[in-house]
Amino acid sequence: MLDFNLANCLTLAVIVFLTGCYGLLTRRSLVMILLSVEVMLNGVNFTLIAFNHFLWGTHEFGHYLYMLSIGVAAAEAAIGLGMTIVFFRNYRDISRERASRLSEGEL
Amino acid sequence: MSEVDLYNGLFSACAILIVVFSLMVVLARNPVRSTLLLIMSFLPTSLVYVMLKAPFVGILQVLVYAGAIMMLFTFVVMMVNPRPEEGELGHLRGADPVGTRLVHWNVLGALAVAGVVLVTLVRKAAESLPVGAEHPAEFGELSSISRMIFENPMENPLTVSFELISFLVLVGIIAAINFSRRDPSQKKGTP
């Protein structure tokens, strides 16, 4: 059984972050790449709350940073998914190989 | 069963669930399934947040993250309807399968090395830190967080930065609407 302490919380966050990294580097569809970024953000948010609980005690600065982080994540998701939809409308394909050949024109 | 044992057991179960669901998000071939699995991985995360004396953040995780942002993802996945096999690196059309598999293993190896180094460093650092902070009675609740952000607003830097985030989201909305607008010079009916 794992102890509920800072070291185990941070280890969990590192594992979740690296899982997201793996998805970011290996998945091909743009939606899945954005989803992997969300997994990485989840790992980072976890460290904020864990540090706040185990180290900072008196103030909720970590919780505040978490709120800023999900604000940025919401904006990122809105813009990224909007770009994905435009990309799909123009090229009928959302693979990252197609995205790296934007200069070749539509369809 | 003491409270410490209960927390350890709950944390172990949640940690396993989070890691398994996150891995399944990355490995699932069907994007719809990935999105729903990510929502599933947020639920144990929010339980751990509650255990970390952050109940309001746990609620935000479920309401905002799992409820709003992930629904946005689900809608987009259903709109663009990517083919399930598109997510797999090893199934590139017209690509050398041995080469892509090699890239796959290289990424995995690099991440494993990074993971071992990071976990060692992080655990060593965490053991040297002065852990065991005392928490006030209302720690992590909405009243305490809002007092920290909005108390004495003229001199509190947190108030300004918190309000600025709303501008960031507004800019995000305007940009997303602008992206989705069709070019008026284009003929109707053409994609």
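Here is a short tour of the two chains and how they meet.

First, the ground rules. This is a predicted model, where local features need pLDDT of at least 70, side-chain atom pairs count only at pLDDT 80 or more, and totals for chains, interfaces and linings use all residues. Residues are numbered from 1 along each chain as its sequence is written, while chains are lettered from A and ligands numbered from 1 in the order in which they are written.

**Stop 1: chain B.** Colour it by secondary structure: you'll find six helices and zero strands, where helices (H or I, at least four residues) and strands (E, at least two) are DSSP runs, numbered from the N terminus. Of its 191 residues, 23% are buried, that is, with 20 or more other C-beta atoms within 10 Å of their own, C-beta atoms being placed from the backbone.

**Stop 2: α1(B).** Select residues 3–27 of chain B. This helix has 25 residues and spans 36 Å from first C-alpha to last, close to the 36 Å expected at 1.5 Å a residue (1.5 Å times one less than the number of residues). Now show its buried residues, among them F11(B), C14(B), I18(B) and V25(B). What covers them? The cover includes α1 (6–26) and α2 of chain A, together with α2 of chain B.

**Stop 3: α2(A).** Move over to residues 30–56 of chain A, a 27-residue helix reaching 38 Å, close to the expected 39 Å. Here 21 of the 27 residues are buried, so α2(A) is largely enclosed by the rest of the structure. Step just past its end and you land on G57(A), with a positive phi of about 40°.

**Stop 4: where the chains touch.** Select the contact: 71 residues from chain B and 64 residues from chain A, with two residues in contact if their C-beta atoms, placed from the backbone, lie within 7 Å. On the chain B side, the elements giving two or more residues are α1, α2, α3, α4, α5 and α6. That side has 51 nonpolar, 15 polar and five charged residues (Ala, Val, Leu, Ile, Met, Phe, Trp, Tyr, Cys and Pro count as nonpolar, Asp, Glu, Lys and Arg as charged, and the others, Gly among them, as polar).

**Stop 5: α5(B) and α6(B).** Finish with residues 142–150 and 157–180 of chain B, whose axes come within 6 Å and cross at roughly 100°. The two helices are therefore roughly perpendicular (65 to 115 degrees).

Notes. Axes are lines fitted to C-alpha atoms, for helices over the stretch in contact, and angles run from 0 to 180 degrees between N-to-C directions. Angles under 35 degrees count as roughly parallel, over 145 as roughly antiparallel, 65 to 115 as roughly perpendicular and the rest as oblique. A residue is buried if 20 or more other C-beta atoms lie within 10 Å of its own, exposed if 12 or fewer, and partly exposed in between; C-beta atoms are placed from the backbone.
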